[in-house]
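Reader: Hey, I'm new to looking at protein structures. Can you walk me through this one?

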Amino acid sequence: MEGFSSIECFVRSAEVGSFAEAARRLGLTPAAVGKSVAKLEARVGVRLFQRSTRRLTLTEAGRLFLAEVSDSLHTIQHAVSSLANAQGRPAGTLKVSVGTVFGCLYIVPLLGAFLARYPDIQPDWHFDNRQVDLIGQGFDAAIGGGFELPPGVVARRLTPAHRVLVASAAYLHGRGPISEPADLRDCRGILIRSPQTGRIRTWQLTGRAGGQQPLELKAAMTMSDSEAACIAAAQGLGVALVSMPFAVNHLRSGALQRVLPDWYVDDGFTSIYYAEHKMLPGKTRAFVDFVIQQFAEQGLAQAFSAV
C-alpha cells in the first residue's frame, strides 16, 4: 500500500498546489507528504513537480502522470470504501459540510441514531454557512441550498427552501394593518446579508394565490444568519425575512408570528449533495439515505413549507 499512498499524496498535492494543504486534507504532516512524493519521483525516475517557496507546479511529466492516475485513484478509493458495505458494514471517515445553525438544529440530533446503526463510520462534520467545493475539498456530502449544482455533483431534495416574514406581537401592536406587500414600506426591516457576497439580495414575494411582487422592506439592520434575525425580531426590533427552518420553532412558541402569511419567498430547495460516482462509497450512501428517511419521517418538508 506504500505505492498507493504515494500516488494519493501526489494527486492531492497536484489538486491544491501545496504539500501543506494536501497534508491537511490527508491528515498527515507536510514533511510526510513531501517525502512520499519524493519517493514516488525516485521510483518513476522523473521529476513530477517544480518546487518553489510559494507553490508547486506540475512538470510536463507530472501533468501526463496525473491524467493517467487520477481517475484510477478515485475508482480504487471508492472500491475500498465499498468493501465494508458489501459485508453490511459501511465504514470510514464521513466528511460532511452543513450550515452552522441548521446543522445544530436538524442534523446533529440525528447523530446518535445514525451511529447506532452504523458504528464503523466516523463523522467529520464541518459547520459553515458558505458553499464548499465538494469534490475539490474532499467532502463526502453537503447539505444546503440556493446555489448552482457544480459539475459532477448530484442533489436529492430534502425540504422546500422558503423564506417568510416574521415579527413579534409587540412590534405589530398599534401599527397599521399589514395586509399587502406595499404596507411593508413603513416597517423596520431585519434583512439577511449574503455570507458569500456580503450583499443584501433583492427578493420577490410569491403569493399563495399566484403572482409575484417585489419585497419593499428597507433594511434597518442586517444579519448574516436567519437565527440571529429571528432573535432580533423577537425583541420587537422589526420585520425579518428568514428561512422557515429557523422560524418554525419561534412561530410555534409564539415569540414570532407570520407577517403577510399569504406571501413568501421561494428560494428553491434544501438538498443533500454528493459526488456522482458509479460506485458511491457505502458510508456516503448510508448517510444520504438515512438523512432523507429521517426528514421524511419527521415531516420536515411540510413543516418548512410556507404554503
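Reader: Okay, which residues does Ile143 touch, not counting residues up to four places away in sequence?

Author: One thing before that: this is a predicted model. Leaving out residues up to four places away in sequence, Ile143 touches Ser97, Val98, Gly99, Phe102, Ile107, Leu158, Thr270, Ser271, Ile272, Phe287 and Val291.

Reader: And what's the largest nonpolar core like, how many residues has it got?

Author: The largest nonpolar core has 44 residues. Ile143 is among those with the most contacts inside it, along with Phe102, Val164, Val242, Phe287, Phe295 and Phe304. Helix H10 gives the largest share of this core, 6 residues. Apart from it lies another core of 18 residues, including Ala14, Ala23, Leu48 and Val69.

Reader: Which strands does E5 pair with?

Author: Strand E3, residues 92-98, pairs with E5 in the parallel sense over 3 bridges. Strand E13, residues 263-275, is joined to E5 by 4 bridges, and those two run antiparallel.

Reader: Why does Phe10 count as buried?

Author: Because its relative accessible area is 0%, and buried means under 20%.

Reader: Got it. What about Phe114 and Phe287, what kind of pair is that?

Author: That pair is edge-to-face, because the planes are at 85 degrees, with the ring centres 5.7 Å apart. Phe114 is in helix H6 (residues 111-117) and Phe287 is in helix H10 (residues 282-297), so to speak distant parts of the chain, 173 residues apart. Phe114 is buried, with a relative accessible area of 1%, and Phe287 counts as buried at 2%.

Reader: Which residues are in the cluster that ring pairs link with Phe114?

Author: Ring pairs link Phe114 with Tyr118, Trp125, Phe287 and Phe290 into a cluster.

Reader: What about charges, which ring does Lys95 lie over?

Author: Lys95 lies over the face of Phe139, at 4.6 Å from the ring centre. There's also Arg157, whose charged end sits over the ring of Phe269, 3.8 Å from its centre.

Reader: New topic: helix H8. Which of its residues are buried?

Author: H8 covers residues 226-234, and its buried residues are Ser226, Glu227, Ala229, Cys230, Ala232 and Ala233. What covers them includes helices H5 (100-107) and H9 (244-253), plus strands E6 (153-167), E7 (189-192), E10 (219-223) and E11 (239-243).

Reader: What happens at the start of H8, and what follows H8?

Author: At the start, a side-chain oxygen of Asp225 reaches to within 2.9 Å of the backbone nitrogen of Glu227. H8 is followed by Gly236, whose phi is positive, near 80 degrees.

Reader: You mentioned E11. Which way do its residues point?

Author: Val239, Leu241 and Ser243 point one way, while Ala240 and Val242 point the other way. In a regular strand the side chains alternate between the two faces of the sheet. E11 is mostly covered, with 5 of its 5 residues buried.

Reader: And which strands pair with E11?

Author: E6 is joined to E11 by 4 bridges, and they run antiparallel. Leu165 stands opposite Leu241 in E11. E7 pairs with E11 in the parallel sense over 2 bridges, and Ile190 stands opposite Ala240 in E11.

Reader: Last one: what does Ser243 touch, not counting residues up to four places away in sequence?

Author: Ser243 touches His162, Arg163 and Ser226, with that same exclusion. Ser243 counts as buried because its relative accessibility is 13%.

Notes
Residues are numbered from 1 along each chain as its sequence is written. This is a predicted model: local features need pLDDT of at least 70, side-chain atom pairs count only at pLDDT 80 or more; totals for chains, interfaces and linings use all residues. Side-chain values use heavy atoms; hydrogens and water are left out. Buried means under 20% relative accessible area, exposed over 50%, partly exposed in between (1.4 Å probe, protein chains only). Contact means heavy atoms within 4.5 Å. A polar contact is a pair of N or O atoms within 3.5 Å; within protein, one must be able to donate a hydrogen and the other to accept it, and residues adjacent in sequence count only if both atoms are side-chain atoms. Two strands pair if DSSP finds at least two bridges between them. Rings of Phe, Tyr and Trp (its six-membered ring) pair if their centres lie within 6.5 Å; planes under 30 degrees apart count as stacked, over 60 as edge-to-face and the rest as tilted. A charge sits over a ring if NZ of Lys or CZ of Arg is within 6 Å of the ring centre and within 35 degrees of the ring normal. A nonpolar core is a set of buried Ala, Val, Leu, Ile, Met, Phe, Trp, Tyr and Cys residues joined through side-chain atoms within 4.5 Å.
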